[in-house]
Structure formats: C-alpha cells, structure tokens
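Open the model in your viewer and keep the selection panel at hand.

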Amino acid sequence: MRRHAESLAQRVWYRPSPLSTALLPLSLVFGLVAGARRCAYRRGWRKAERLPVPVIVVGNLVAGGAGKTPLVLWLVEQLRVRGWRPGILSRGYQGKNERPTAVQPGADPSRVGDEPALLAERAGVPVWIGRRRAQAGRALLAAHPECNVLVCDDGLQHYALARDFEIAVEDERGHGNGRLLPAGPLREPATRRVDATVVNGGGRAGAYAMRLEPAGFYAVHDGRPVSVEELRGKRLHAVAGIGHPARFFRQLEALGLQCVPHAFPDHHRYRAADLQFADCDAVLMTEKDAVKCRGFGRTDLVALRVEAVVDPALADLIETRLHGSAPA
C-alpha cells in the first residue's frame, strides 16, 4: 500500500480527478482553519517569537518535497563564503525528539529525521531540531554563540517563529491543480506572498531557477567513491523515497544508467526487505535514502550526491536583506 501513496497523490493532485472534486468540501475546511491561524499571528492575537539573529525559512506551499534540502545546503555555503556563520533548524520529520536536540554527523535518522541527519553530514554547521523551532533556535545559539544567522529547513507554515526572509521552493509540477489539501497539494493558497520563489528544474517569471547537478556516486556503507563506469552494464535497481521520485530516476537515465525504478513515499523508513531484488548487482538511491540504509551492512548500495545550482542573484538579495535586519 505505501508504495502506491505517491502515485495516488500524482493522480489526484496533478491532473483532473473526480476524487479531487469530491474532496473539495474538506479543502474548504482546511483553508478556513489555516487562514484563521495565519490571521491570528498577523494580527498579534498569537505571538511569534523573534530570535536575536536573522532567520531565513526555506519551505513549500505544496505538500511533498521539491528540493528544499539541497537548497538549504547551497544557501548555507553561500552565507559562509560571504562571512556569515549560519546554523540550521529543523522540525525533524518522523524524528522522536520533541525537545531541542543537537544533530551530530552519523545520527540515527529514526531518532532525528532523515533530512536533519543528511544536513548534519553535509552542511558543516550546527544543526538542531525541535517541535518548537524558536526554542530549538535558542538552544542552538546558546551552544554556538558564534552563529549569527539561522536557516530553517521547512517551517514556512510554522508562524510561531518570526522570520526575516521566506523562500518557497517549487518544482516543474508547480501548484498542481491549484487546490488546498486534501483536494490538491497546496498547504496554503497560491497567492501566499513570500520573499522569493525558487523553481527546481524549471523557470518562470519572477522566480529564481535551480537545478540539481550530479556530484558523484559513493558506496553507502563506507563512503567510497563509485564511478559511473563501474555501474554501466550492471543489473541496477533504483529506489527513491523522496517527494518526486521520477526526478531521481530521470537523473540516472541522463547519466546513461538503465535501472529498474522503485518509488516509495517521501520519508519512507526502509526495511531490509524493501531492497531485496532479484537479478541485482547494485541498488542506487538518493542521499536522503542512504542515511537510513547505512545500517543494513550491504556493500551493493550506492548513493548519488547532488549539488544545487541556483541563480546567484538570490544570494545577493538575501544578503542585502540580512544586512538590514541583523542586530547592530
């Protein structure tokens, strides 16, 4: 059943569907509740907590991943080369820590979430998780007083944390049928204003373009680099438990690799049995999948690292805004 969850969302949210129409009354209720909550924060009836350093939120208007984590990694590096000292906040999707918790490289994804585990390995900056982002941010700053800007991975709808710059990430699917959950993919109306929109794998007027470039394969169990030449001609299977698995499968095809694809729901918690395939020399996967499969002890699991390439004008805009909001 879980393997078909993403394909069902595709059928309902990204093409005309009788089920989507039937779900419209629930979308109306969802929209009223979400709108009331947003209004309560904007009018000051509920208080958003402001941290002593600028906060950048990278999130989605639509449900499902569109490339937030690679964008966060790109943004952190851009801030570092410009002299800032960033830290990262995250809710910790499917993680088990409700209180603020530091995420160390090699952390168990079942405890902290797959994306925070990956960020801790790749970013080279402090990563903290917590259900209450402001509380996690204060804990991070107490442990790392050198940090002078925080990047929040997801949390566009977490209004309890005041922010200085908002980025909404989309992909080539856009807003799908344009309807709110559950009839469509939108968490908030498409008219919701943000400071910048980034489109992964496409471009449109008024948005910043981003693409994910392959940066090499590596063996999941020990990190050994694996060349494309080592994989060509092998019996390959590919798994993807991300928001848009088809994008990953297209990347592999563009590299000249023929694979049997297996799409899983976003944030899927892999079991060893999920990766048992007949006639298989290697199983290819994303980095987000790899952090959850390292403990299987298999030498035939190979991950593809990707790097975000983003319109540099976005970094210029963010730095200008940060200089205006940073404390004196």
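Select Pro182 to begin: this residue sits in the loop between strand S6 (165-171) and strand S7 (196-200). Strands are DSSP runs of E with at least two residues and helices are runs of H or I with at least four residues, both numbered from the N terminus. Show the peptide bond from Leu181 to Pro182, which is cis, with omega near -5°. Most peptide bonds are trans, and most residues other than glycine have a negative phi.

The model is predicted, with local features needing pLDDT of at least 70 and side-chain atom pairs pLDDT 80 or more, while totals for chains, interfaces and linings use all residues. Residues are numbered from 1 along each chain as its sequence is written, and side-chain values use heavy atoms, without hydrogens and water.

Next, select Asp154, in the loop between strand S5 (149-153) and S6. Asp154 is not a glycine, yet its phi is positive, about 75°.

Move to Asp279, in the loop between strand S11 (259-263) and strand S12 (282-286). Its phi is also positive, about 50°, although Asp279 is not a glycine. Asp279 counts as exposed because its relative accessibility is 57%; the cut-offs are over 50% for exposed, under 20% for buried and partly exposed in between, with a 1.4 Å probe and protein chains only.

Now select the whole chain, which has eleven helices and 13 strands. Of its 328 residues, 53% count as buried. The C-alpha trace spans about 60 × 50 × 40 Å along its principal axes.
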